[in-house]
Each structure stands twice: as C-alpha cells, then as structure tokens.
Amino acid sequence: RIPLLIDTDPGVDDALAILMALASEQHEVLGLCIAAGNVGLEHTCRNALCLLDVAQREVPVFAGCDRPLLHPAADAAFVHGNDGFGDVSLPTPARSVEAEHAALAILRFSHEHAGRLHLVTLGPLTNLALALRLDPSLPSRIDRLTVMGGAVTGRGNTSLPAEFNIGFDPEAAHIVMSGFGHFDLIDWEATLAHPISFEAIDAYLGRPGELPRFYQAISAKTRRWIAGCASAWHAADGLAMAVALEPDGCLEVESCWVGVETEGRQYRGATLVDWQRRGGQPANARILRRYDAQRFERLIRKALAIAD
Ligand code: BDR
Ligand code: CA
C-alpha cells in the first residue's frame, strides 16, 4: 500500500478528506500532522483525535506549528465554527497527540519510506516549510506532494487575491513551492469548478450510520454559511484528496511554474502562475483544472461508508 502522510488543520472539509484517505484500500495513512489554520492548534489537534475515534482508527497525531512562520494571521472560525468542528459538543478524545513535533515526524517518515512517501497538505504549509528548512534534502525522498492551496487566477477566498491556506502563511508556502521541484496543486478555483449540490450532500448525510451522522453534526454550521454565499457545497480538501488517491480521475491539468507573493498590502499571499512561460523557470506544479465529478462523489460516499 502507498504510505500517505497528511498535514492538515481540521476543519470541516479536512475531516471529509481524512475520511476519504482512511477509506482507501490502496493507501496506508501513516499519521496526521497538525497545524494551526482554520482554528487554533489545540482545536485542530482535538478535532483530528475526535475524528479518528469516530472512524475507529489508531493513526498517530502529531501537533505542529501553532502560528504562521512570521506574521500573525486570522483563522477561519467563521466558516468552520469556533472549535473548527461546528461547535457541537464532542466527547473528549480517547488518545492524545504524540510527543514528536509534526515537522520532525514528516522528516522521520520521509526516511522510513524514502522514495515512496506521498505527502498531502490540506492546511497552511507551516509544518512542511519548517521540515524543509531543517532538512533541504526532504523533497528527494518524497514520491508525490499534493497541495490544497492557492487561487491561480486571483480569485481568493481570504483576501481579494489570496486563498486561505496560502494567505495564512505566505512565507511557508513560498518555502515549500520553491523547495519542491514538483507538486500537484488543487486551488480554490478548481474547488469552485467542482461543486457538490446541496441535494447530494444532504442525501449522503441523511443516511444511517455513525460517519454520516457525525459529519452531518460537525458540518451543519459550515453548510449554513456556504448556503449564504454559494449555490452548492464546496469541499476544497476533499477534492485535493481525490486527486491524491485517484490521480487518474484528473481530466485536465496544466503544468506551470507557481510561486507566492509574500509582500504587498493587497497582494500578500497571492498565487503567482507563469501561464505563458515567460519567467524562464521550469514548471514546478501540475495545476488541476478538471476532475471526474462522479469519481469525486463516489470517493465521498465511500469515505462516509455509504454503499453505492
Ligand atoms: C482551504 O481553507 C480552509 O478553510 C479549508 O479547510 C481548505 O483547506 C480552502 O481555501
Ligand atoms: Ca484545511
């Protein structure tokens, strides 16, 4: 099975993506590396542990960075709830986080699974940037890196041009994007291009079973928020996980050089894309443009243990 390490800030859509990975027979989820992002680190760690309890999986959880590398950043509690899981009362997790820091866990797994490790990031890139600064040879041991982040044509969701994961910690994103020669990028625009109808998501979450019931509870607040500003559900991290798990579902991708603007009052955190190959830098990213919608929904159903 393919060894998969997930760096995440759970988060309602992170939770779905993690369930998708746990449901894959072809992948072994080695651990969840946690950062602050959607909400503070104490919440994102607790949420990861709660999710694993509900899924009845003993995957280790590694606490990582509790803030961006340089500048303070605003969270996304208004989307995910103050605790990141919809502010419903959840039982205290049965287990605790490991003693090892997430950045060190990334490095250790990269040695233990050198040349085979698949890394998926669903949150700010702080932990991965730190790991890369500690050991710049890290990319040589990673088989694949899949990143949810960015707004490739400037349609941000946190500032005008910036997507949340990049806007939260642009310096970290810069370090990762300039340090890895190749990664798959699933950005906010791709997310918007792959909506899931409210009818579909409501039908899935209305099904019997512990996982649909749990996901319905933690996502209710987010669903109301999305319904206030969009006509369908968007699962950014779920789409990234679909690309990670079943890359042959990608129907259209574009290879380009991608970077991040780390300065500026309005443009800090903007994604830079050399669409026309004018900068002379080799392509480092494969940007997702179109993914098989039916396959995406099938992976979601499978994550929630809903029979086809
Ligand atoms: C990203 O931001 C977060 O709120 C989501 O979990 C996702 O990772 C989308 O911009
Ligand atoms: Ca996330």
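The model is a predicted one.

In general, strands of a sheet pair through backbone hydrogen bonds, and the pairing is either parallel or antiparallel. Here, 8 strands form an open sheet with mixed pairing, in the order β3-β2-β1-β4-β5-β6-β10-β7. The edges are taken by β3 (61-63) and β7 (250-256); each has a single partner strand, so one side of each is left without a neighbour in the sheet. From one strand to the next, the twist averages 25°.

One pair of strands may be examined in detail. Strand β6, residues 183-186, pairs with strand β10, residues 285-291, in the parallel sense over 3 bridges. Across this pair, Asp184 stands opposite Arg286 in β10. Helix α4, residues 102-112, packs on the sheet, where it touches β1 (2-8), β2 (27-34), β3, β4 (117-121) and β5 (142-148). The direction of α4 makes about 155° with that of β2.

Attention now turns to the ligand. Which residues come nearest to ligand 1? Of the 16 residues around it, they are Gly11, Asp13, Ala76, Phe164 and Ala236. Three helices, α1 (12-22), α6 (164-168) and α11 (236-245), each supply at least two residues of the shell. Sorted by class, the shell around ligand 1 has 7 nonpolar, 5 polar and 4 charged residues.

Phe164 belongs to helix α6. Is Phe164 buried or exposed? A residue is buried if 20 or more other C-beta atoms lie within 10 Å of its own; Phe164 has 27 C-beta neighbours inside 10 Å and therefore counts as buried. Leaving aside neighbours within four places in sequence, Phe164 is in contact with Ala76, Asn157 and Thr158. Phe164 and Ala76 are 88 residues apart in sequence, while their C-alpha atoms are 8.1 Å apart in space.

The buried residues of α7 are Pro170, Ala172, Ala173, His174, Ile175, Val176 and Met177. They pack against α5 (126-134), α6 and β8 (258-260).

Finally, the backbone has some further details to consider. Most residues other than glycine have a negative phi, and most peptide bonds are trans. Gln56, in the loop between α2 (41-55) and β3, has a positive phi, near 55°. Because Gln56 has 8 C-beta neighbours inside 10 Å, it counts as exposed. Ala305, in the segment after α12 (293-303), likewise has a positive phi, near 55°. With 14 C-beta neighbours inside 10 Å, Ala305 counts as partly exposed.

Notes. Residues numbered from 1 in each chain as written. Chains lettered and ligands numbered in written order. Predicted model: local features only at pLDDT ≥ 70, side-chain atom pairs only at ≥ 80, totals over all residues. Pairing = 2+ DSSP bridges. Helix = DSSP H or I, 4+ residues; strand = E, 2+ residues; numbered from the N terminus. Axes fitted to C-alpha atoms, helices over the stretch in contact; angles between N-to-C directions. Contact = placed C-beta atoms within 7 Å. Near = placed C-beta within 6 Å. Nonpolar A, V, L, I, M, F, W, Y, C, P; charged D, E, K, R; others polar. Buried ≥ 20, exposed ≤ 12 C-beta atoms within 10 Å, placed from the backbone.
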